Amino acid sequence: MAEAFVKVVEPGLYMSIQDLGRPGYQHMGVPVSGAMDRYALVMGNRLLNNREDSAAIEVTFGGAEFKFLRDGLICVTGANLNGYLGGEPIPMWETVSVTKGQKLVFERPKTGVRAYVCVLGGIQSSVYLGSQSCYEKAGLGRRLEAGDQLLSEYEGVHMTPGNRLSPELLPTYTQEVTLRVVPSHLEDRFTEESVRYFYRTNYTMKQGDRMGCRLESDQPLNHHTSADIISSVTPFGTIQVASNGQPMILLADRQTTGGYTTLGTIVTIDHWKIAQLPPGGKVNFKRVDLKEAEEWLRHWREA
Amino acid sequence: MNGPTIYPVGDQVAVVQFGEDISKDTHEQVMLFEKLIRNSSIKGLVDIIPTYHSVAVYYNWRVLQFDHVRALLEEMLAETENSKTSMSKRTVTIPVCYDEQYGPDLDHLQQYHQISKKDIIRLHTEQIYLVYMIGFLPGFPYLGGLNKRLDTPRLETPRATVPSGSVGIAGNQTGIYPLESPGGWNLIGRTPVSLFDPEQDEPTLLKMGDLLRFQSISGEEYREIEQGQLGNQVIQIEWEDE
């Protein structure tokens, strides 16, 4: 039986339930959503021996507080947001026992910006179109608020604390990332100088949310004729450039189709880097071949 | 015209593109191909997304790579050549109230085009529109067929919130906002019917390929429909086989 496991005392900047999203509905205009950093969610669930797509709580930036309503087992992954469990720093990427009445606090980002509180058995909540992922705009769930009590299913599941991720699988979140890009078929809509400029420029992340993030540099990129295209699909990590010439990277809650010219799409194995980059962080792009990207994917054991 | 092209978008998506522009002919090819893929038994396809001139396929990279997907798509393209299935069309009639309270930009349109409100409503309701695709927002129809006399540039400053159900015009397009959202379209009316309901088996009222007609209703009828007094009968759906 699912019962109340944890209470949200303070949701912080933005807190929501996320799993691996709701693919299969994009032809109806419904975004995929799901965890911004899928690697962190999947690893947390694996350590708990959960299904990989079990739902967890995505905590953004910090200022967040939880209270446990019963004993249980959790695993915190993703950003280091200065988490404390019962006043002690909580080990990350490791299963940890919690006891009834204990508080879990996330203060502020140390590295990365999004942490995942994965729980044994997964968080139980309403399923909309095959997923528990919150996409507030269309009424598919809502963000978490103070006082919300979250359920989890744990009966018959046995796991122990201290199960940790092997060190070589731990990601390192930095203030500067290099993102590898498979070029778009629309690359030739940009001037050659602009394409060269794009790949050797240090961009700054101006602002971002679950839908996408805006980058900026001194010089705008130039299109040969127009920035507009006939609306086409926009997978996670697609870099689109409107007429202002500054790139925007589309993320989990992106719209299903977009009408701006694209330069390329970030390779899957680099998605977590952009999901964890704070505003003000630096971004470089590296143009790669699809074949290379597929080769890296083959050696990568993740979602 | 050259044949369809197939290209990757990143390392999880393959696109089959049927043309360079928006046309009914391209739209028919897209519809036909989408139907074939959706009914196929290919494993590992995660999302199939038809657009104005293409069908995109999100595939599971654990099972498939672009070259495999391209080969499968090429096979299917060869099949479409000899499968000329006839597709039945639906015409969906959407009730719209064109009162000023729902259409705050009606005044602007009257001035811009130098026509009466009555003519705007007539021009907007006498057309039959084609749903070229669904995208952008859940249930949002990209409609073709707006009368050229109503072609109106987008607002210079988009509104922070446009109420759900709002019917608007932007350039040579008309559309309906299925959800409350920001937006820069000229608003001329509002429908009380819901275009997106995640609780339904079919969450979107409209589908790609539907024909659509707007029907003018009074403020009173709007409120009756909104309050559910007329049930589902307000949306007329007619089928016709081609």
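Colleague: Hi! How many residues of chain B are in contact with chain A, and how many of chain A with chain B?

Modeller: Hello! This is a predicted model, and in it 37 residues of chain B are in contact with 33 residues of chain A.

Colleague: Which elements of chain B give two or more residues to that side?

Modeller: Four strands of chain B do: strand 1 (5–9), strand 2 (13–17), strand 3 (45–50) and strand 4 (54–59). Strand 3 of chain B gives the largest share, with five residues.

Colleague: And how do the residues on that side of chain B divide into nonpolar, polar and charged?

Modeller: There are 25 nonpolar residues, ten polar ones and two charged ones.

Colleague: Switching to chain A, how many helices and strands does it have?

Modeller: Chain A has 20 strands and four helices. Of its 303 residues, 51% are buried.

Colleague: What does the radius of gyration of chain A agree with?

Modeller: It agrees with a compact globule: 303 residues would give a value near 19 Å, and chain A has 20 Å. Its C-alpha atoms fill a box of roughly 60 × 40 × 35 Å along the principal axes.

Colleague: Nice. In what order do the five strands of the open sheet in chain A come?

Modeller: The order is 2-3-10-5-8, with antiparallel pairing. Strand 2 (14–18) and strand 8 (95–98) of chain A are at the edges with a single partner strand each, so one side of each has no neighbour in the sheet.

Colleague: How many bridges join strand 3 to strand 10 in chain A?

Modeller: Four bridges join these antiparallel strands, residues 56–60 and 111–119 of chain A. A:Glu58 has A:Tyr116 in strand 10 as its bridge partner.

Methods
Residues numbered from 1 in each chain as written. Chains lettered and ligands numbered in written order. Predicted model: local features only at pLDDT ≥ 70, side-chain atom pairs only at ≥ 80, totals over all residues. Rg over C-alpha atoms; globule rule 2.2 N^0.38 Å. Buried ≥ 20, exposed ≤ 12 C-beta atoms within 10 Å, placed from the backbone. Contact = placed C-beta atoms within 7 Å. Nonpolar A, V, L, I, M, F, W, Y, C, P; charged D, E, K, R; others polar. Pairing = 2+ DSSP bridges.
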